[in-house]
Amino acid sequence: MQNGTPSRTALMAAAARAAHLVIDRAPFLFHDTIAAVLLGERAEELIGYHRRYGDHPILSGARAQVTTRSRYTETRLTASGHTRYVLLGAGLDTFAYRSGGHITVFEVDHPSTQPWKRDLLSAAGIAPTDVGFIGVDFEKGSLAEGLAAHGLDTGCPALVSRLGVSMYLTERAIERTLGALSHCAPGTELIMEYALPPHLRDERGAAYAELAIAASADHGEPWLGYFTPDKLSALLTEYGFTVLEHISQRDAVASALWQRSDGLRPADLCRLVRAVVR
């Protein structure tokens, strides 16, 4: 939220997930059947941008980015066997409302963002089940205190995701979050998306970055943090994690899904890292 205005990045991410099933062709990278409903009266407007300008680098790049990171993370959640899922910077993520309730979900986000999302859920007729809403300002608040106050037992392993968030935070805020997570039970798994510095981006990633980063800054949500894989691995190791892999957008989904007849292509601008608490 910026001065009481809903996060544009949260809106655009949800719109991109919804638009993927409308604009792009099979095979689909991800199926978010709730996002359009959650957008409510703004769905037609936001998805309409993709209908009219779907091949634009920002829009096609956004669809590739949000669908691949969500598919990878949710696939990993299923494979891990974890029964608790903590979303740091949940935004308008819809996993909890598509999953059938067999996993306990904790959505962590800015205290001003969550009432907005809950209003959208209510307007859409979606009743949250087995979802804990935890309000934390990642730049100023305490994640550890927020988790404890809402009954999350950090003595039991969980899968923690941080998608579409770290690039908007200072490095100090990221370190504070890693410090809090380092006290979680061994085996707790973190999947974090991070932005690459300019010299590591490929041509498509650089073109997307040139437009998207400027647009985000214009709307009050500037990109603040960039990591090389080596630098992030060193930071995670310092805070008690074992780094398992760094995943490019191309490798986040099965290679067959990139055999496409539409304009959706992977870009190397952001990557995912998967790590576990030692």
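Tyr168 is partly exposed, with a relative accessible area of 22%, where buried means under 20% relative accessible area, exposed over 50% and partly exposed in between (1.4 Å probe, protein chains only). This is a predicted model, in which local features need pLDDT of at least 70 and side-chain atom pairs count only at pLDDT 80 or more, while totals for chains, interfaces and linings use all residues. Residues are numbered from 1 along each chain as its sequence is written, and side-chain values use heavy atoms, with hydrogens and water left out.

Rings of Phe, Tyr and Trp (its six-membered ring) are taken to pair if their centres lie within 6.5 Å, with planes under 30 degrees apart counted as stacked, over 60 as edge-to-face and the rest as tilted; by this rule the count comes to three aromatic pairs. The rings of Tyr168 and Trp223 have centres 6.2 Å apart and planes at 75°, so this pair is edge-to-face. The pair links distant parts of the chain, 55 residues apart, with Tyr168 in the loop between strand E4 (159-162) and H8 and Trp223 in the loop between helix H9 (203-218) and helix H10 (229-238); helices (H or I, at least four residues) and strands (E, at least two) are DSSP runs numbered from the N terminus. Trp223 and Tyr226 form a tilted pair, because their ring centres are 6.4 Å apart and their planes stand at 35°. Trp223 counts as buried at 12% relative accessibility, whereas Tyr226, at 28%, counts as partly exposed, and ring pairs link Tyr168, Trp223 and Tyr226 into a cluster.

## Two nonpolar cores

A nonpolar core is here a set of buried Ala, Val, Leu, Ile, Met, Phe, Trp, Tyr and Cys residues joined through side-chain atoms within 4.5 Å. The largest has 37 residues, and those with the most contacts inside it are Leu39, Tyr85, Leu92 and Tyr97. Among the elements that each supply at least two residues of this core are helix H1 (8-23), helix H4 (57-80), strand E1 (84-88) and strand E3 (131-135), and the largest share, seven residues, comes from H1. Not counting residues up to four places away in sequence, Leu39 touches Leu11, Ala14, Ala15, Leu46 and Leu92, a contact being heavy atoms within 4.5 Å. A second, separate core of 32 residues includes Ile134, Ala180, Cys184 and Phe227.

The buried residues of H1 include Leu11, Met12, Arg17 and His20, and what covers the buried residues of this helix includes H2, H3, H4 and H6. In the loop between H1 and H2 lies Pro27, which is joined to Ala26 by a cis peptide bond with omega of about 5°. Thr94, in the loop between E1 and H5, is buried with a relative accessible area of 0%; leaving aside its neighbours within four places in sequence, Thr94 is in contact with Arg17, Asp32, Ile34, Ala35 and Leu38.

## Parallel pairing of E2 and E3

Four of the five residues of E3 are buried, so this strand is largely enclosed by the rest of the structure. Strand E2 (residues 104-109) and E3 run parallel and are joined by five bridges, two strands being paired if DSSP finds at least two bridges between them. The bridge partner of Val105 in E3 is Val131.

Strand E7 (residues 270-277) is mostly covered, with eight of its eight residues buried. Cys270, Leu272, Arg274 and Val276 point one way from E7, and Arg271, Val273, Ala275 and Val277 the other way. E7 pairs in the antiparallel sense with E5 over seven bridges, Tyr194 standing opposite Arg271. Six bridges also join E7 to strand E6 (residues 241-247), again running antiparallel, and Val243 has Ala275 as its bridge partner in E7.

Thr188 is found in the loop between helix H8 (171-181) and strand E5 (189-195) and counts as buried at 3% relative accessibility. Although Thr188 and Val277 are 89 residues apart along the chain, their C-alpha atoms are separated by 5.4 Å. Leaving aside neighbours within four places in sequence, the contacts of Thr188 include Cys156, Pro157, Val160, Ala275 and Val277, and the side chain of Thr188 reaches the backbone oxygen of Ala185 at 2.8 Å.

Note on methods
Polar contact = N/O pair within 3.5 Å; in protein donor to acceptor, adjacent residues only side chain to side chain.
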